[in-house]
Amino acid sequence: MRNRTFSSWTSALAAGTALVFLGAAAPARALDGKAIFLAQKCNLCHSVSSADITQTSAKMKAPDLTGKVTAAEVPKLIRFVRKLEPGGEKKKNHSKEFKGTDEEIQAVMDWLVAQKAK
């Protein structure tokens with residue numbers, strides 16, 4: 001009887017260990033750039049017409065970002081919205097600093113790159 005209990009215990013341990021390793025190997029869930037854009041309130045100033053997002057602030061008016069963000073510009077844009085360097089044609093600072101994680105800002109940028117005019 002003792003041997004059978006030990007065998008059951010080791011089988012359960014092996015199964016549990018396998019589940020842990022399988023869970024660790026599973027790919028991370030992709031972040032939703034659109035949801036992060038809205039959660040960070042980027043739509044106060046910016047529209048993304050391709051995603052039916054309209055700018056909501058009456059005071060601030062920034063460009064519609066549909067078709068404006070290219071993959072080549074992303075590193076510079078990240079520094080701009082993090083307020084690490086001025087940008088744009090007028091070399092101004094972004095009005096609000098993006099406070100999310102590096103993964104979140106990358107998800108927003110990837111989503112914006114994918115936004116094309118309808």
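Below are my entries, in the order I made them.

**Entry 1: the overall layout**

I began by reminding myself that this is a predicted model. Next I looked up the secondary structure and found four helices and zero strands in the protein chain. Reading from the N terminus, I wrote the order down as α-α-α-α.

Then I checked how much of the chain is hidden. Of the 118 residues, 31% are buried. The chain exposes about 8,600 Å², and carbon and sulfur atoms supply 60% of that area. I also looked at contacts between residues with a separation of 6 or more, and 43% of them join residues 24 or more positions apart.

**Entry 2: the nonpolar core**

Which residues have the most contacts inside the largest nonpolar core? I noted F37, V48, M109, W111 and L112, in a core of 20 residues. Helices α2 (33-39), α3 and α4 each supply at least two residues of this core. The largest share is from α4, which gives seven residues.

Leaving out its neighbours within four places in sequence, I found M109 in contact with V69, V74, L77, I78 and V81.

V69 is found in the loop between α2 and α3. Is V69 buried or exposed? Its relative accessible area is 6%, and buried means under 20%, so V69 is buried.

V69 and M109 are 40 residues apart along the chain, and their C-alpha atoms are separated by 7.6 Å. Beyond four places in sequence, V69 is in contact with V74, L77, M109, L112 and V113.

**Entry 3: I36 in helix α2**

My next stop was I36, which is found in helix α2. I36 has 11% relative accessibility, so it counts as buried.

What does I36 touch, if residues up to four places away in sequence are not counted? I listed L31, F98, E104, A107 and V108. I then looked up how I36 and E104 are placed: they are 68 residues apart in sequence and 6.8 Å apart in space, C-alpha to C-alpha.

**Entry 4: the largest pocket**

I turned to the largest pocket, which has a volume of about 1,100 Å³. Its lining is made by 34 residues, and H46, P63, L65, F80 and H94 lie nearest its centre. The elements that give two or more residues to this lining are α3 (74-81) and α4 (102-114). I sorted the lining by type and got 17 nonpolar, seven polar and 10 charged residues.

**Entry 5: H94, from the pocket list**

H94 is one of the residues nearest the pocket centre, and it lies in the loop between α3 and α4. With a relative accessible area of 17%, H94 is buried. That value sits under the 20% cut-off for buried.

H94 touches H46, F80, V81 and K83, not counting residues up to four places away in sequence. Both H46 and F80 are on the list of residues nearest the pocket centre too.

K83, a contact of H94, is in the loop between α3 and α4. Its phi is near 65 degrees, a positive value in a residue other than glycine. K83 is partly exposed, with a relative accessible area of 39%.

P86 lies in the loop between α3 and α4. P86 is partly exposed, at 36% relative accessible area. Leaving aside neighbours within four places in sequence, P86 is in contact with F80, K91, K92 and N93. P86 and K76 are 10 residues apart in sequence and 9.5 Å apart in space, C-alpha to C-alpha.

**Entry 6: D52**

My last stop was D52, in the loop between α2 and α3. I noted a positive phi of about 55 degrees for D52, although it is not a glycine. Is D52 buried or exposed? Its relative accessibility is 63%, so D52 counts as exposed.

Notes
Residues are numbered from 1 along each chain as its sequence is written. This is a predicted model: local features need pLDDT of at least 70, side-chain atom pairs count only at pLDDT 80 or more; totals for chains, interfaces and linings use all residues. Side-chain values use heavy atoms; hydrogens and water are left out. On a 1 Å grid over the protein atoms alone, a cavity is a set of points where a 1.4 Å probe fits but cannot get out, and a pocket is an open set with protein on both sides within 12 Å along at least five of seven lines; lining residues have an atom within 4 Å of a point. Grid points are joined across faces, edges and corners, and a volume is the space filled by probe spheres set on the points. Ala, Val, Leu, Ile, Met, Phe, Trp, Tyr, Cys and Pro count as nonpolar, Asp, Glu, Lys and Arg as charged, and the others, Gly among them, as polar. A nonpolar core is a set of buried Ala, Val, Leu, Ile, Met, Phe, Trp, Tyr and Cys residues joined through side-chain atoms within 4.5 Å. Buried means under 20% relative accessible area, exposed over 50%, partly exposed in between (1.4 Å probe, protein chains only). Contact means heavy atoms within 4.5 Å. Accessible areas come from the Shrake-Rupley method with a 1.4 Å probe; for residues, only the protein chains shown count as cover.
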